Amino acid sequence: MFNAEIIFLLKAMLMMNVSAVIPAYNRPDYLESAIKSVLAQTYPISEIIVVDDCSTTDLLPVILAFKDERIHYHKSTTNMGNGYSRNQGTKMANGDWIAYLDDDDIWYENKVELQIQSIEKHNCIACLTSLEHLETGKIHQPEVGEFVEDKHLRLGNLYCGTSGLLVSKAAILPLLFDETLKCGVDWDIYIRLNQVGKIYYLQQPLFYYRQGTHSGIISNLTKMKIENYDSRLTAIKKHRHWLGEHKYKKRLAKQILYYAFSKPKPQDWIYYSIKEAESLLL
């Protein structure tokens, strides 16, 4: 019995210390499910940092109901966005490794364990995973290699959102998420992380992605006016040099025209796309 306890303690000392960071906003029922999925991990999570982005709904009762000292709750005084919340959680984290989870997503119970195994085996600074759409059961599984590659990133974020990211704190702390971006935050951080070290991509789905909560965003995009759209192109313009002119033009056009034919005047968006492309030649 004594020997078994010693072995257990030694294993615990050698295990990678993982912090979970959950940005949250106004969704107590989803937040509860997200936290439960972290607590159910087969790999022990040292702490769960919930950063509330100034919710108008009280999220504290959700936290208190768990009665778990590993859960730390921090509420921002103003609404700053997910990037800010993730950065705050990153700075607060005591773990050497950080796993991010959006409050509306849910991890498989073996997610972190399999990611840690992959990181140790392949000596990587981060690991991404495939995902399963919660409502439909559809698996998102792009045909890419074991490691994240620039050639695939230049096509966009083919991989997953940040709920599939586990990363070394030492790697992400000097970079942090770009809080100025309205979209493409995950794509941007993957590009920058991939310039620091290897990122492994686990091709099996290891978290549930809740598509339904993004329907409001899509609805707003179809109603967005051209004069307000430039902010959605910031991530692409930021990485123009890295993309190269050909890929840059394609990414720009794809982003502009993505919902063009769901809008009242699609011809205006086609013209806007051509105008942006022509401006590159000036």
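Residues are numbered from 1 along each chain as its sequence is written, and side-chain values use heavy atoms, with hydrogens and water left out. Because the model is predicted, local features need pLDDT of at least 70 and side-chain atom pairs count only at pLDDT 80 or more, while totals for chains, interfaces and linings use all residues.

The structure holds ten salt bridges, a salt bridge being a side-chain nitrogen of Lys or Arg within 4 Å of a carboxyl oxygen of Asp or Glu. One of them joins the side chains of Asp 104 and Arg 27, at 3.8 Å from N to O. Asp 104 lies in the loop between strand E4 (97–100) and strand E5 (106–107), and Arg 27 in the loop between strand E1 (18–24) and helix H2 (28–39), so this pair ties together parts that are 77 residues apart in sequence. Helices (H or I, at least four residues) and strands (E, at least two) are DSSP runs, numbered from the N terminus. Asp 104 is buried, with a relative accessible area of 3%, whereas Arg 27 is partly exposed at 26%. Here buried means under 20% relative accessible area, exposed over 50%, and partly exposed in between (1.4 Å probe, protein chains only).

A salt bridge also forms between Arg 86 and Asp 102, whose closest N and O atoms are 3.1 Å apart. Arg 86 belongs to helix H4 (residues 82–92) and Asp 102 to the loop between E4 and E5, which puts the partners 16 residues apart. Both Arg 86 and Asp 102 are buried.

Helix H8 (residues 185–194) is mostly covered, with nine of its ten residues buried. Among them are Trp 187, Asp 188, Tyr 190 and Arg 192. Asp 188, at 0% relative accessibility, forms a salt bridge with Lys 238, the closest N and O atoms being 2.9 Å apart. Lys 238 lies in helix H10 (residues 234–238), so the pair ties H8 to a part 50 residues away in sequence. Lys 238 is partly exposed, at 37%. Asp 178, Asp 188, Arg 192 and Lys 238 are linked in a network of salt bridges.

The second largest pocket holds about 160 Å³ of space. A pocket is an open set of points on a 1 Å grid over the protein atoms alone, where a 1.4 Å probe fits, with protein on both sides within 12 Å along at least five of seven lines; lining residues have an atom within 4 Å of a point. Eleven residues line this pocket, and Met 224, Lys 225, Lys 265, Asp 268 and Trp 269 lie nearest its centre. Helix H9 (215–223) and helix H13 (266–279) are the elements that give two or more residues to the lining.

Ile 274, also found in helix H13, is partly exposed at 43% relative accessibility. Together with Phe 261 and Ile 270, Ile 274 forms a nonpolar surface patch with about 300 Å² of accessible area. Such a patch joins nonpolar side chains (Val, Leu, Ile, Met, Phe, Trp, Tyr) within 5 Å, from residues with over 30% relative accessible area and no salt bridge. Accessible areas come from the Shrake-Rupley method with a 1.4 Å probe.

Finally, the backbone: most residues other than glycine have a negative phi. Cys 54 has a positive phi, near 60°, and lies in the loop between strand E2 (47–52) and helix H3 (60–66). Leu 176 likewise has a positive phi near 60°, in the loop between helix H7 (169–172) and H8. Cys 54 is partly exposed at 21%, whereas Leu 176 is buried at 16%.

How values were computed: Points joined across faces, edges and corners; volume = space filled by probe spheres on them. Patch = residues over 30% accessible without salt bridge, like charges linked within 9 Å, V, L, I, M, F, W, Y side chains within 5 Å.
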